[in-house]
Amino acid sequence: HPNLKPMGVLADNEMRELRRKCHDLFDKRWTTKEEREKQYNILGKQLGYEQGKCHFSWMSKTELLKALSVLEAST
């Protein structure tokens, strides 16, 4: 990581499992870097984030649960 600073929220076992579940659903939605960015922006808009501010590693447990719910509902 740049400057030896963490780039996301430190995760415990439960958060790592939530991130994995989110990625399992999310990663089916894109194949290119551009599509990935677009999908993060779509998800972020659904969660109320500013454009470019959505990423699973930045989410709290509560936010991950909301993201998982949104992803499951749109599958």
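Me: Before we start, what are the ground rules for the numbers?
Reply: Residues are numbered from 1 along each chain as its sequence is written, and side-chain values use heavy atoms, leaving out hydrogens and water. Since the model is predicted, local features need pLDDT of at least 70 and side-chain atom pairs count only at pLDDT 80 or more, while totals for chains, interfaces and linings use all residues.

Me: Why is helix 2 called roughly perpendicular to helix 3?
Reply: Helices here are DSSP runs (H or I, at least four residues), numbered from the N terminus. The axes of helix 2 (residues 33-47) and helix 3 (residues 61-73) cross at roughly 110 degrees and come within 10 Å. Axes are lines fitted to C-alpha atoms over the stretch in contact, with angles from 0 to 180 degrees between N-to-C directions. Angles under 35 degrees count as roughly parallel, over 145 as roughly antiparallel, 65 to 115 as roughly perpendicular and the rest as oblique. So helix 2 is roughly perpendicular to helix 3.

Me: What makes the contact between helix 2 and helix 3?
Reply: L43, Q46 and L47 come from helix 2, and K66, A67, V70 and L71 from helix 3. Contact means heavy atoms within 4.5 Å. By class, that gives 5 nonpolar, 1 polar and 1 charged residues. Ala, Val, Leu, Ile, Met, Phe, Trp, Tyr, Cys and Pro count as nonpolar, Asp, Glu, Lys and Arg as charged, and the others, Gly among them, as polar.

Me: And why is helix 1 called roughly parallel to helix 3?
Reply: Helix 1 and helix 3 pack at about 25 degrees, their axes 9 Å apart. That angle makes helix 1 roughly parallel to helix 3.

Me: Which residues of helix 1 and helix 3 meet?
Reply: From helix 1 there are E14, M15, L18, R19, K21, C22, L25 and F26, and they meet K61, L64, L65, A67, L68, L71 and E72 in helix 3. Sorted by class, this contact has 10 nonpolar, no polar and 5 charged residues.

Me: Why does Q39 count as buried?
Reply: Buried means under 20% relative accessible area, exposed over 50%, and partly exposed in between (1.4 Å probe, protein chains only). Q39 has 16% relative accessibility, so Q39 counts as buried. Q39 sits in helix 2 and touches F26, R29 and W30, leaving aside residues up to four places away in sequence.

Me: What makes Q46 partly exposed?
Reply: Q46, also in helix 2, has a relative accessible area of 49%, so Q46 is partly exposed. R16, found in helix 1, gets that label at 44%.

Me: How do you know that L4 is exposed?
Reply: L4 lies in the segment before helix 1. L4 has 83% relative accessibility, so L4 counts as exposed.

Me: What makes a nonpolar core, and which residues touch the most other members of the largest one?
Reply: A nonpolar core is a set of buried Ala, Val, Leu, Ile, Met, Phe, Trp, Tyr and Cys residues joined through side-chain atoms within 4.5 Å. The largest has 15 residues, and C22, F26, L43, F56, M59, L64 and L71 touch the most other members. Helix 1 (13-26), helix 2 and helix 3 each give two or more residues, with helix 1 giving the most, 5 residues.

Me: What does L71 touch?
Reply: Not counting residues up to four places away in sequence, L71 touches C22, L25, F26, R29, L43 and F56.
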